[in-house]
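Hi,

Here is the structure I promised to pass on. Have a look at it first, and then read on for what turned up.

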Amino acid sequence: MKSNELRIDNFLRKETEIGRVKMLTEKGFQVDDSNGYTLGNSLWVNFEPIQLTEEWLIKLGFECKDNVNGGYIKPINYPHQKEFLYCSKRGVVALWNEPENKEFIIMNNCDNVHKLQNLYYALTGSELSLSST
């Protein structure tokens, strides 16, 4: 995994532990656990991306929209309209505007949590973080 694929606060996995990127350099990155303790530096620890699953979509505040196709949505509020970020179980991500025209604009295919976090930040300027539920 390369540091140029990541942003501060992206979630990554080290074996069974989950951490967040807290420092990025050209040569690597550092990941801390939820208590602020360092899980390691990418120069000597092998961190892996977290597979995007239904469990992670729910943790990130997405709600089930379509049980048949496994679609999950999260509101994105723009000044003059309300849109949703739609994500399928297979990782297809789209912008969706249901009330007006029910059209999808396919954005990306995200198979990992950090890719979805990066896309969400690019669209909203806000972090996609764990929900409190």
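Predicted model: local features only at pLDDT ≥ 70, side-chain atom pairs only at ≥ 80, totals over all residues.

One term before anything else: a residue is called buried when its relative accessible area is under 20%, exposed when that area is over 50%, and partly exposed in between (1.4 Å probe, protein chains only).

Residues are numbered from 1 along each chain as its sequence is written, and side-chain values use heavy atoms, with hydrogens and water left out.

As for confidence, pLDDT is the predictor's own confidence in each residue, from 0 to 100. The protein has a mean of 83, and 88% of its residues reach 70 or more. Strand 1 (residues 11-14) has the highest mean, 94, and strand 9 (residues 103-109) the lowest, 70. Helices (H or I, at least four residues) and strands (E, at least two) are DSSP runs, numbered from the N terminus.

Let's start with the rings. Rings of Phe, Tyr and Trp (its six-membered ring) pair if their centres lie within 6.5 Å; planes under 30 degrees apart count as stacked, over 60 as edge-to-face and the rest as tilted. That rule gives 2 aromatic pairs. In one, phenylalanine 11 and tryptophan 56 have ring centres 5.4 Å apart and planes at 50 degrees, so the pair is tilted. Phenylalanine 11 sits in strand 1 and tryptophan 56 in helix 1, 45 residues apart, so this pair links distant parts of the chain. Both phenylalanine 11 and tryptophan 56 are buried. The rings of phenylalanine 29 and phenylalanine 47 also make a tilted pair, with centres 5.9 Å apart and planes at 45 degrees. Here strand 3 (residues 29-32) supplies phenylalanine 29, and the loop between strand 4 (38-41) and helix 1 supplies phenylalanine 47.

Next, the nonpolar cores, meaning sets of buried Ala, Val, Leu, Ile, Met, Phe, Trp, Tyr and Cys residues joined through side-chain atoms within 4.5 Å. The largest has 20 residues, and Leu52, Leu60, Phe62, Leu85 and Leu116 have the most contacts inside it. Helix 1 (54-59), strand 6 (71-78), strand 7 (81-87), strand 8 (92-97) and helix 2 each supply at least two residues of this core. Helix 2 gives the most, with 5 residues. Another core lies apart from it and has 8 residues, including Leu6, Val21, Val45 and Phe47.

How many salt bridges are there? With a salt bridge taken as a side-chain nitrogen of Lys or Arg within 4 Å of a carboxyl oxygen of Asp or Glu, the count is 5. One of them joins arginine 7 to glutamate 127, with the closest N and O atoms 3.0 Å apart. Arginine 7 is in the segment before strand 1 and glutamate 127 in the segment after helix 2 (113-124), 120 residues apart. Glutamate 127 is partly exposed, at 34% relative accessibility. Lysine 22 and aspartate 9 form another, at 2.6 Å between the closest N and O atoms. Lysine 22 belongs to strand 2 (residues 17-24) and aspartate 9 to the segment before strand 1, so the bridge ties together parts 13 residues apart in sequence. Lysine 115 also meets aspartate 111 in a salt bridge (3.1 Å, N to O).

Cheers
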